[in-house]
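This report describes a few features of one structure. Look at the sequence and the model first, then read the sections below.

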Protein chains: 2
Amino acid sequence: MRTHFCGLIDESLVGQTVTLCGWADVARDLGGLCFIDLRDHEGIVQIVAEPSDAPGNGAVLATAARVGYEDCLRVTGRVRRRQSVNAKIRTGQVEVVATAIEVLNKAEPLPFHAHENAGEDIRLKYRYLDLRTPKMQRMLRTRIRLVQALRRWLDARGFQDIETPILTKATPEGARDFLVPARMHPGEFYALPQSPQLFKQILMVAGFDRYYQIARCFRDEALRADRQLEFTQLDMEFAWVDEQIVQDTTEALIRDVFREVMGVELADPFPRMTWAEAMRRYGSDKPDLRIALELVDVADLVKDCGFKVFADWASAEGGRVAALRIPGGAALSRKQIDEYAAHAAKFGSKGLAYAKLDEAGAVNSPIAKFFDEAAFAALLQATGAGKGDLVFFGAGPYRTVSDFMGAVRLKAGKDFGLVGAGWKPLWVTDFPMFEWDEEEQRYVALHHPFTAPAVDDEADLRANAATAVSRGYDMVLNGNEIGGGSIRIHRSAMQSAVFELLGIGAEEARAKFGFLLDALKYGAPPHGGIAFGIDRIAALMAGTDSIRDVIAFPKTTSAQCLLTDAPSPIPDPQLAEVHVAVRKTPESENPGSR
Amino acid sequence: MRTHFCGLIDESLVGQTVTLCGWADVARDLGGLCFIDLRDHEGIVQIVAEPSDAPGNGAVLATAARVGYEDCLRVTGRVRRRQSVNAKIRTGQVEVVATAIEVLNKAEPLPFHAHENAGEDIRLKYRYLDLRTPKMQRMLRTRIRLVQALRRWLDARGFQDIETPILTKATPEGARDFLVPARMHPGEFYALPQSPQLFKQILMVAGFDRYYQIARCFRDEALRADRQLEFTQLDMEFAWVDEQIVQDTTEALIRDVFREVMGVELADPFPRMTWAEAMRRYGSDKPDLRIALELVDVADLVKDCGFKVFADWASAEGGRVAALRIPGGAALSRKQIDEYAAHAAKFGSKGLAYAKLDEAGAVNSPIAKFFDEAAFAALLQATGAGKGDLVFFGAGPYRTVSDFMGAVRLKAGKDFGLVGAGWKPLWVTDFPMFEWDEEEQRYVALHHPFTAPAVDDEADLRANAATAVSRGYDMVLNGNEIGGGSIRIHRSAMQSAVFELLGIGAEEARAKFGFLLDALKYGAPPHGGIAFGIDRIAALMAGTDSIRDVIAFPKTTSAQCLLTDAPSPIPDPQLAEVHVAVRKTPESENPGSR
């Protein structure tokens with residue numbers, strides 16, 4: 001049907017006859033002389049229809065004159081050098097003089113034009129038009145190359161690509177499950193997997209040694225810019241390993257893939273940081289190391305000051321008083337400082353104190369009055385603040401202060417252009433095993449309940465649950481958690497102890513995870529693994545903030561596919577076949593409300 | 001944790017110290033001298049614990065003496081040549097004299113032993129134990145290599161691996177959809193895709209040119225040995241092509257992959273056969289060409305005979321009278337012949353006439369009396385029957401006779417050892433566009449409603465719907481349809497005409513397929529593709545009849561996962577969150593009945 005691709009026509013073909021297929025990107029009729037930009041997935045080439053004595057040329061000119069945007073064409077013609085070179089495109093040295101033009105499919109007038117800035121809703125409804133644009137093609141192709149590079153690396157190293165079920169059992173891992181009524185089992189349901197976690201552990205027990213899967217996962221959670229109902233992870237598991245092997249291997253994987261796809265060289269080795277250090281220095285368990293700012297603990301310097309909030313939290317067990325210097329921050333207006341306080345409040349702050357040092361070195365701070373002058377000078381000095389800087393202070397419970405001061409750090413980094421270029425990966429390790437949930441008055445797992453604790457045995461864990469550290473690890477890149485994993489529990493008794501500490505009774509554990517507890521009894525090897533967020537890594541590589549840009553058919557933040565109009569109502573007889581009925585609810589009783 | 005793999009220890013390592021991890025396959029304590037077969041994913045090696053003066057050797061012996069089946073061990077020892085070579089295993093020239101044995105995880109007594117022939121139910125419940133066996137490892141690994149080889153081939157040729165949604169819109173393609181209640185849209189449902197058909201067509205409209213995906217698909221149908229609720233297909237689509245390009249490309253793909261994975265050389269090119277020829281010669285649209293038997297049409301020879309059933313169908317429009325010679329079939333007993341008749345009846349036969357020729361050439365046939373002797377001899381001669389053979393005859397509607405005589409052909413091929421060795425691929429083409437459904441009194445699509453008809457335009461199609469041939473094609477291997485595809489309709493008007501002929505009204509078409517009809521209006525290129533059944537191809541390669549053997553975690557024929565016990569009941573409050581309730585049905589009111 002074609003002899004060449006549009007985007008690959010070059011000077012080596014001058015004088016030759018080619019046949020091309022593509023879309024009319026632009027068509028210009030200059031009165032008897034027509035130019036068509038013909039586009040395929042490789043790029044654009046200029047087609048010319050011009051008067052000549054050749055038989056049939058009249059038809060060529062007539063067809064060319066009627067070509068409209070996005071018509072599907074097949075064009076045969078001779079390649080020649082262009083008079084006016086277009087340096088902006090790869091084929092800009094040449095053009096194709098048409099000897100035949102066939103309209104394979106005429107396009108109706110478009111709902112929006114690709115060169116316009118259309119809204120996201122209309123772009124999602126006519127996704128096929130949006131995906132035809134070079135920008136979207138480039139972003140999707142970045143994802144394709146990422147996945148290809150990952151697979152090639154893993155295949156070459158003996159990792160086994162094994163599919164695990166999509167129709168599986170409801171086993172809450174923290175998020176809500178999607179449910180699928182089972183026609184052959186009235187009143188029962190399959191669930192879509194939140195991850196292949198248990199299956200990959202079972203595969204290690206089953207002797208597969210090294211496993212990977214580019215796996216679709218499902219979480220019925222509210223959607224944000226960086227979440228979808230279904231998402232894709234590179235899921236990996238290793239038998240007979242400790243954390244060093246998993247980390248070394250996957251770090252090399254990510255480094256090699258970034259080199260191949262992006263041509264960039266990541267640090268070797270990645271820096272490693274404990275969770276405690278990350279919280280202390282950056283107020284985050286996924287610090288963006290491109291921002292050079294760090295939190296400074298100042299409890300010692302404020303514990304005797306007259307500002308009661310500072311003094312109290314500086315002395316309280318589990319309290320924190322931290323400072324953050326913003327270079328050049330003295331330029332912030334009162335209104336801008338209020339915006340920082342409001343931002344911090346979203347992360348739990350009850351107030352954000354500050355101190356400005358003007359260009360003359362004079363201090364301007366609402367809290368200066370609570371200190372004697374030397375003490376306040378010493379406090380500012382501890383933060384490293386100099387002329388023209390601003391210092392923010394936060395006081396409160398350790399985790400809360402870390403969270404909001406970490407958020408302030410990120411905002412300041414962006415506002416002041418302090419986000420360095422390049423790629424800053426690191427490992428965060430030694431997470432707490434459990435967090436105490438005040439509301440539910442019980443422990444919850446910081447990773448997931450299958451993560452091994454870094455303790456000798458069950459007795460040790462029970463005695464030190466509050467301070468136990470897990471064998472989990474996260475890979476962080478430029479402030480994004482791109483991968484998370486752990487060494488797993490491989491003995492049944494330890495798994496039962498962890499369930500117990502999480503408030504999962506023996507009966508519930510048996511009902512939900514009995515097959516795992518059994519599997520751990522029949523010769524489960526030590527094992528561990530990791531999962532990487534493909535959508536997020538692809539978005540980072542493609543340079544976009546929205547993972548929707550690297551998903552061919554994404555859903556909106558209201559969980560709809562605007563292309564196919566899913567979800568949709570189902571006739572009641574079809575629901576009866578799977579033994580369910582729609583509940584009458586206030587929302588559903590008024591179908592016009594949607 | 002280990003320096004080598006058990007199965008790869010060989011003579012080159014003699015004298016070296018190695019550390020191995022694996023399972024105790026067999027352990028024998030010969031009173032102070034212990035042998036352990038240590039197994040990992042690469043194979044088995046013999047470990048010896050023997051008396052010596054080395055410090056700590058007592059502990060090694062004591063540990064070895066307590067090792068049980070499937071204990072997880074880490075063993076360090078020195079490789080030495082064996083006295084009694086075991087030629088059956090790759091490591092049989094050597095053994096490892098243990099200097100340290102660590103029990104990493106003790107196994108409880110096993111529910112079944114891998115060396116036994118356990119029932120499938122217990123093997124599925126303890127799938128991890130079953131998968132550890134060399135037989136299951138081999139079969140799963142064949143599938144892994146198949147998928148790897150397919151991907152490598154496609155990646156090298158510029159096919160783009162693009163993921164399409166799992167949560168999508170209910171668009172019946174013939175089978176029942178799985179439904180997923182939408183929490184954010186009360187009363188609405190997503191559906192799991194029966195195939196990515198429409199998405200891949202949209203991708204062609206979107207300019208991706210060449211697409212593939214190893215795609216999970218879902219059909220809520222009764223399960224048979226070769227069906228699962230979820231299955232995997234290699235899904236492909238090409239833009240700007242005709243059927244020749246799709247067929248040539250994918251035939252080369254399958255040929256290259258069989259060479260790489262199986263070391264076999266498939267025919268080049270594959271034979272091609274129209275659907276009509278396949279039905280006529282083999283009574284099947286997926287003929288097993290390893291069986292040399294062919295149906296013979298004998299209407300001309302029986303149309304004047306005295307056997308009314310034969311004479312009537314021989315003259316009737318749409319009738320068929322066909323014969324099948326079974327070499328050596330005269331040896332069949334009356335009871336065995338009855339079994340053939342019963343088998344044929346399952347495929348619609350109302351009676352299976354036969355004629356035997358004994359070793360002396362004498363004819364034995366209940367229908368001989370309806371013929372004069374010469375005519376019956378001529379009839380037998382037309383079938384090629386000779387001494388010792390049997391001929392079956394079928395009469396009835398063309399399709400029915402083809403179906404049951406095709407079934408008889410397969411049974412005879414197996415019963416008489418007439419299934420040749422090797423691999424016999426072919427293309428079946430020129431399918432009828434529509435079949436008339438007597439029950440529903442309307443046309444149904446033989447492929448699917450997006451398959452292009454081999455006609456000039458909509459008027460041509462409307463005028464000749466009953467006889468129209470489609471641009472569909474199936475790839476058949478050894479009697480299995482391993483791939484099916486077509487050139488698609490790429491113009492909206494033709495798609496609407498096909499919907500109309502299938503009895504899908506304009507409103508219904510708009511509601512279900514509006515986005516496709518729209519996409520075809522905005523510059524859809526000519527396109528076509530194919531989908532291959534990965535589970536079936538893997539099963540063929542692994543030499544098993546059951547696709548469950550090449551799926552890590554399959555469901556039973558009653559749609560259950562015996563490992564995880566899915567599906568399962570869900571607490572009502574969780575159902576309320578997604579706005580559904582379980583219907584009370586006779587089956588569900590008596591939960592004890594399950």
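## Two packed helices in chain A

Helices α14(A) and α15(A) are roughly antiparallel to each other, because their angle is over 145 degrees, the cut-off for that word. The model is predicted: local features need pLDDT of at least 70 and side-chain atom pairs pLDDT 80 or more, while totals for chains, interfaces and linings use all residues. Residues are numbered from 1 along each chain as written, chains are lettered from A and ligands numbered from 1 in written order, and side-chain values use heavy atoms, without hydrogens and water.

Helix α14 (residues 492-501) of chain A packs against helix α15 (residues 506-519) of chain A at about 155 degrees, with the axes 11 Å apart. Axes are lines fitted to C-alpha atoms over the stretch in contact, and angles between N-to-C directions run from 0 to 180 degrees. Helices are DSSP runs of H or I with at least four residues, and strands are runs of E with at least two, numbered from the N terminus.

## A sheet in chain B

An open sheet of 5 strands in chain B has the order β12-β13-β16-β14-β15, with antiparallel pairing; strands pair if DSSP finds at least two bridges between them. Its edge strands, β12 (296-297) and β15 (363-364) of chain B, each pair on one side only.

Strands β14 (residues 353-357) and β16 (residues 390-397) of chain B pair in the antiparallel sense over 4 bridges. Tyr354(B) stands opposite Phe392(B) in β16(B).

## Domains of chain A

Chain A is divided into domain 1 (6-105), domain 2 (141-273 + 427-573) and domain 3 (291-419), with bounds from an automatic or database domain assignment.

Methods:
Parallel < 35°, antiparallel > 145°, perpendicular 65-115°, else oblique.
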